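The paragraphs below go through a protein model by its side-chain interactions. Keep the sequence and the structure at hand while reading.

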Amino acid sequence: MLSPFKTKFIEFMMSADVLRFGEFKTKSGRLSPYFVNTGNYRTGAQLDTLGRYYAELVKSTVGEEFTAMFGPAYKGIPLAATTAAALSREHGIDKPYFFNRKEVKDHGEGGLFVGYQPQDGDRVIIIEDVITAGTAVRETVPLLKEAAACEVTDMFISVNRCEVGKDENKTAVMEVYEQYGITVHPIITVSDIHLYLKESGNFSDILPKMEEYMTRYCIL
């Protein structure tokens, strides 16, 4: 049985048109029967709610044991901002956040990062939307490592799709941990979404497609 916390989060994503069902091509090139697009969060109330879910996950896993949170451009930017605000407001954890530019700015303050500037010895956590094949992580971590001798320890995401990465015997999350030592913490997983669809009894058309996709691409 799905927990109330996860049930409410799935229903929140669906109400915001963030969790959608149909046929979608993911960044890894796979055709998926569901898609998570955090770019569809459009209101202050939605961002406030989302930040509280992320903040609760951060608080319950790493607490205050980190220096700053990083939101990869572009979708990670509002996620990191709303998580930082919710951590301060809801849990009294006031930590800096920062994000990257797609292109390095050569005028004004310059540089690649906006907000906090990582320092040697920092413990940085990443705030992102989903992991499919781990492509975004492989693009992000080198940027942080080049900027400072910091430790990137944990990553927080809305959904773990539990999909195989470059190695068909390992998920992208497993590969991220093996390659970078980063522990990934999802609010929900694809199994949670599948269980929600089964328990609701209203998605008989989607369930077979979900199960076929999970059998083909997921390690559960």
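Phenylalanine 12 has a relative accessible area of 12%, so this residue is buried. The model is a predicted one. Phenylalanine 9 is also buried, at 0% relative accessibility. Both residues belong to helix α1, which covers residues 4-15, and because they are three residues apart there, about one helical turn separates them. In general, residues three or four places apart in an α-helix point the same way, because the helix has 3.6 residues a turn.

The structure contains twelve aromatic pairs. In one of them, the ring centres of phenylalanine 9 and phenylalanine 12 are 6.2 Å apart and the planes meet at 45°, so the pair is classed as tilted. Ring pairs also join these two residues with Phe5, Tyr41 and Tyr53 in a cluster.

Rings are also found under charged groups. The charged end of arginine 161 sits over the ring of tyrosine 34, at 4.2 Å from its centre. Likewise, lysine 95 has its charged end over the ring of phenylalanine 66, with 5.4 Å to the ring centre.

Helix α1 takes part in a salt bridge too. The structure has ten salt bridges by the rule applied. One of them joins aspartate 192 to lysine 6, with 3.2 Å between the closest N and O atoms. Lysine 6 lies in helix α1 and aspartate 192 in helix α6 (residues 190-200), so this pair ties together parts that are 186 residues apart in sequence. Aspartate 192 is buried at 9% relative accessibility, whereas lysine 6, at 26%, is partly exposed.

Another salt bridge links glutamate 163 and arginine 30, whose closest N and O atoms are 2.6 Å apart. Glutamate 163 is in the loop between β8 and α5, and arginine 30 is in the loop between β1 (19-25) and β2 (31-36), so the pair ties together parts 133 residues apart in sequence. Both residues, glutamate 163 and arginine 30, are buried.

Aspartate 17 and arginine 20 also form a salt bridge, with the closest N and O atoms 3.6 Å apart. Here aspartate 17 is partly exposed at 38% relative accessible area, and arginine 20 is partly exposed at 36%. Elsewhere, salt bridges link Asp48, Arg52, Arg89 and Glu90 in a network.

Next comes helix α3. Its 16 residues, 76-91, should span 22 Å at 1.5 Å a residue, and the 21 Å between its end C-alpha atoms agrees with this. The buried residues of α3 include Ile77, Leu79, Ala80 and Leu87. After the helix comes glycine 92, with a positive phi near 70°.

The loop between β8 (151-160) and α5 (172-180) also holds threonine 171. Threonine 171 is buried, with a relative accessible area of 5%. Apart from its neighbours within four places in sequence, threonine 171 contacts Cys162, Glu163, Val164, Gly165 and Ile219.

For cysteine 162, the nearest cysteine sulfur is that of cysteine 218, 6.2 Å away, and cysteine 162 is in no disulfide. Cysteine 218 is in no disulfide either, its nearest cysteine sulfur being that of cysteine 162. A disulfide needs two cysteine sulfur atoms within 2.5 Å. Both cysteines are buried, cysteine 162 at 9% relative accessible area and cysteine 218 at 12%.

Definitions and conventions:
Residues numbered from 1 in each chain as written. Predicted model: local features only at pLDDT ≥ 70, side-chain atom pairs only at ≥ 80, totals over all residues. Heavy atoms only, no water. Phe/Tyr/Trp six-rings, centres within 6.5 Å; stacked < 30°, edge-to-face > 60°. Helix = DSSP H or I, 4+ residues; strand = E, 2+ residues; numbered from the N terminus. Buried < 20%, exposed > 50% of the residue type's maximum accessible area, 1.4 Å probe, protein only. Lys NZ or Arg CZ within 6 Å of the ring centre and 35° of its normal. Expected span 1.5 Å × (residues − 1). Contact = heavy atoms within 4.5 Å. Salt bridge = Lys/Arg side-chain N within 4 Å of Asp/Glu carboxyl O.
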